[in-house]
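Open the model in your viewer and keep the sequence panel beside it. This tour tells you what to select at each stop and what to look for there.

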Amino acid sequence: MSLEESKIMLPLEKPHNFTQLHFYFHDIRNSENPTTLKIINPPSNSHATFGETFIIDSPLTEEQDLSSKVIGRAQGTYALASQQGDFALKMDINFVFIEGSYKGSTITMLGRNVIVDEVREMPIVGGTGAFRFARGYALAKTVWYDHASGNAIEEFNVSIYHF
């Protein structure tokens, strides 16, 4: 096969839809039914949290209250990836929508989340269904955090271009 024959043809059409999403992510570590579980601990000889890794299947709601309508799930992992004290997480999360016109569609967020910053920006690198070829960004803001339990509520504003 020659190089000419193996070219991949990409669609000429550019993403033409722009969508803004707003929802709340509930990170529940300490309860009867946790949605976030620690799967890797740092070495026992370390006092730092560097390397702690969590797996999640957390609800996404329309409003800040967990009892509000669940519109999807956040599924993926995050890990404390900074040794310098700025508490940066490396996140890879699929937002899976289960309600409304986006039911069955997903968007994928992959990036660095410095949790001590008031607002954090992370890239949206893909999607499925209604969000095929998604590109954009997510702005996350902690609206509630309980230090004793580790439970948190994050507000997300997501802006994406897609087909």
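**Stop 1: a glycine in a loop**

Select G150. Leaving aside neighbours within four places in sequence, G150 is in contact with D27, R29 and Y145; contact means heavy atoms within 4.5 Å. G150 sits in the loop between β8 (135–145) and β9 (152–162). Strands are DSSP runs of E with at least two residues, helices are runs of H or I with at least four, and both are numbered from the N terminus.

Is G150 buried or exposed? G150 counts as buried, because its relative accessibility is 6%. Buried means under 20% relative accessible area, exposed means over 50%, and partly exposed lies in between, using a 1.4 Å probe and protein chains only.

G150 and F50 are 100 residues apart in sequence. In space, their C-alpha atoms are 16 Å apart.

**What you are looking at**

This is a predicted model, in which local features need pLDDT of at least 70 and side-chain atom pairs count only at pLDDT 80 or more, while totals for chains, interfaces and linings use all residues. Residues are numbered from 1 along each chain as its sequence is written, and side-chain values use heavy atoms, with hydrogens and water left out.

**Stop 2: the whole chain**

Clear the selection and switch to cartoon view. How many helices and strands does the protein have? There are zero helices and nine strands. Along the sequence the pattern reads β-β-β-β-β-β-β-β-β.

Zoom out. The C-alpha atoms fill a box of roughly 55 × 40 × 25 Å, taken along the principal axes. The protein has 163 residues, and 37% of them count as buried. Take the contacts between residues at least 6 apart in sequence: 46% of these join residues at least 24 apart.

The accessible surface comes to about 9900 Å². Carbon and sulfur atoms account for 54% of that surface. These areas come from the Shrake-Rupley method with a 1.4 Å probe; for residues, only the protein chains shown count as cover.

**Stop 3: a nonpolar patch**

Select L37, I39, I40 and I55. Together they make a nonpolar surface patch of about 350 Å². Such a patch joins nonpolar side chains (Val, Leu, Ile, Met, Phe, Trp, Tyr) within 5 Å, from residues with over 30% relative accessible area and no salt bridge.

Which strand gives the most to this patch? Strand β2 (residues 36–40) does, with three residues. I55 lies in strand β3 (residues 53–61). I55 is partly exposed, because its relative accessible area is 39%.

**Stop 4: two phenylalanines with positive phi**

Select F87. Its phi is near 50 degrees, a positive value in a residue other than glycine. F87 is in the loop between β4 (70–80) and β5 (88–97). At 40% relative accessibility, F87 counts as partly exposed.

Next, select F133. Phi of F133 is near 65 degrees, again a positive value in a residue other than glycine. F133 is in the loop between β7 (119–128) and β8. F133 is partly exposed, with a relative accessible area of 45%.

**Stop 5: salt bridges**

The structure holds six salt bridges. A salt bridge is a side-chain nitrogen of Lys or Arg within 4 Å of a carboxyl oxygen of Asp or Glu.

- Select D86 and R112. Their side chains meet in a salt bridge, 2.7 Å from N to O. This pair links distant parts of the chain: D86 is in the loop between β4 and β5, R112 is in strand β6 (residues 106–114), and they are 26 residues apart. D86 is partly exposed at 25% relative accessibility, and R112 is partly exposed at 48%.
- Select K90 and D92. They form a salt bridge, with the closest N and O atoms 2.8 Å apart. D92 is partly exposed at 25%, and K90 is partly exposed at 40%.
- Select R120 and E154. Their side chains meet in a salt bridge, 2.5 Å from N to O. This pair also links distant parts of the chain: R120 is in strand β7, E154 is in strand β9, and they are 34 residues apart. R120 counts as buried because its relative accessibility is 3%. E154 is buried too, at 12%.

Note on methods
Patch = residues over 30% accessible without salt bridge, like charges linked within 9 Å, V, L, I, M, F, W, Y side chains within 5 Å.
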